[in-house]
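Visitor: I'd like to go through the aromatic side chains and then some helix packing. Can you put the model up?
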Amino acid sequence: MAPESLRQQIWTIPNLVTVLRLGCIPIFCWLLFGLESRLAAGILLGALGASDFVDGYLARRLDQATELGAILDPVTDRFMFFAAVISMLVSGDVALWFGIIALVREFGLSTGTLVLASRRLGWLGVNAWGKAGSFGLMFAFPLFLLGQADIPGSGGWTIAGWVWGIPSLAIAWYGAYLYVLAGRRALARSSETGSGASPAGDC
């Protein structure tokens with residue numbers, strides 16, 4: 001790849017937003033473990049979840065979609081999810097069973113994506129169920145943090161976390177099931193034709 005083309009792949013506004021979101025993870029951990037401020041950590045995590053669509057929107061709006069961005073965005077989202085949930089499991093701010101079930105789903109999808117990539121089948125296309133479930137979970141976990149914060153009515157945030165989180169977890173797992181079916185079809189087509197598919201998006 002030519003140096004100018006490489007710079008165009010890297011130095012884009014959507015990629016900058018993605019990197020900034022990734023850089024907020026150490027801040028989240030500092031707020032949670034250093035300052036022990038569940039309120040600030042919950043607000044930051046909620047803002048990171050709400051900004052999930054921003055880099056993709058900017059890439060389309062500014063015509064700055066790149067192959068690097070298509071890979072960096074889902075990788076960043078998964079890393080943030082793993083870091084946030086594991087941190088909350090360590091701090092005891094989320095129920096063990098809920099956090100583990102959410103992590104198993106993400107780990108399975110990440111492993112499946114790597115398997116497909118190793119066979120040159122590219123990324124699976126986005127399905128609405130999986131995206132909606134992941135998006136919902138990124139709001140459920142901040143609600144659990146607010147439920148542990150030293151603020152009036154914190155118990156109500158915990159209830160809201162469960163009301164929002166359980167359906168989101170179910171939707172996320174249904175989306176994962178659809179990804180598995182799509183992955184099996186991709187593997188079957190590859191076995192029949194002996195050729196790989198081109199990248200199509202993220203999970």
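Guide: Here it is; note that this is a predicted model. To start with, Phe-98 and Phe-144 are both buried.

Visitor: What is the relative accessible area of Phe-144?
Guide: The value for Phe-144 is 4%, and buried means under 20%, so Phe-144 counts as buried.

Visitor: What ring geometry do Phe-144 and Trp-162 have?
Guide: They form an edge-to-face aromatic pair, with 4.9 Å centre to centre and 65° between the planes. Phe-144 is in helix 7 and Trp-162 in helix 8 (residues 154–193), so the pair ties together parts 18 residues apart in sequence.

Visitor: Which residues are in the cluster linked by ring pairs?
Guide: Phe-81, Trp-97, Phe-98, Phe-141, Phe-144 and Trp-162.

Visitor: And how many aromatic pairs does the count come to?
Guide: The count is 11 aromatic pairs. One of them is Phe-98 with Phe-144, edge-to-face at 5.5 Å centre to centre and 75° between the planes. That pair links distant parts of the chain, since Phe-98 sits in helix 6 (residues 96–118) and Phe-144 in helix 7, 46 residues apart.

Visitor: Switching to packing. At what angle do helix 3 and helix 7 pack?
Guide: About 170°, with the axes of helix 3 (residues 38–50) and helix 7 (residues 128–148) 8 Å apart. The two are therefore roughly antiparallel.

Visitor: Which residues make the contact?
Guide: Among them are Leu-39, Ala-41 and Leu-45 of helix 3, and Phe-135, Phe-141 and Leu-145 of helix 7. By class, the contact has 11 nonpolar, four polar and one charged residues.

Definitions and conventions: Residues are numbered from 1 along each chain as its sequence is written. This is a predicted model: local features need pLDDT of at least 70, side-chain atom pairs count only at pLDDT 80 or more; totals for chains, interfaces and linings use all residues. Side-chain values use heavy atoms; hydrogens and water are left out. Axes are lines fitted to C-alpha atoms, for helices over the stretch in contact, and angles run from 0 to 180 degrees between N-to-C directions. Helices (H or I, at least four residues) and strands (E, at least two) are DSSP runs, numbered from the N terminus. Angles under 35 degrees count as roughly parallel, over 145 as roughly antiparallel, 65 to 115 as roughly perpendicular and the rest as oblique. Contact means heavy atoms within 4.5 Å. Ala, Val, Leu, Ile, Met, Phe, Trp, Tyr, Cys and Pro count as nonpolar, Asp, Glu, Lys and Arg as charged, and the others, Gly among them, as polar. Rings of Phe, Tyr and Trp (its six-membered ring) pair if their centres lie within 6.5 Å; planes under 30 degrees apart count as stacked, over 60 as edge-to-face and the rest as tilted. Buried means under 20% relative accessible area, exposed over 50%, partly exposed in between (1.4 Å probe, protein chains only).
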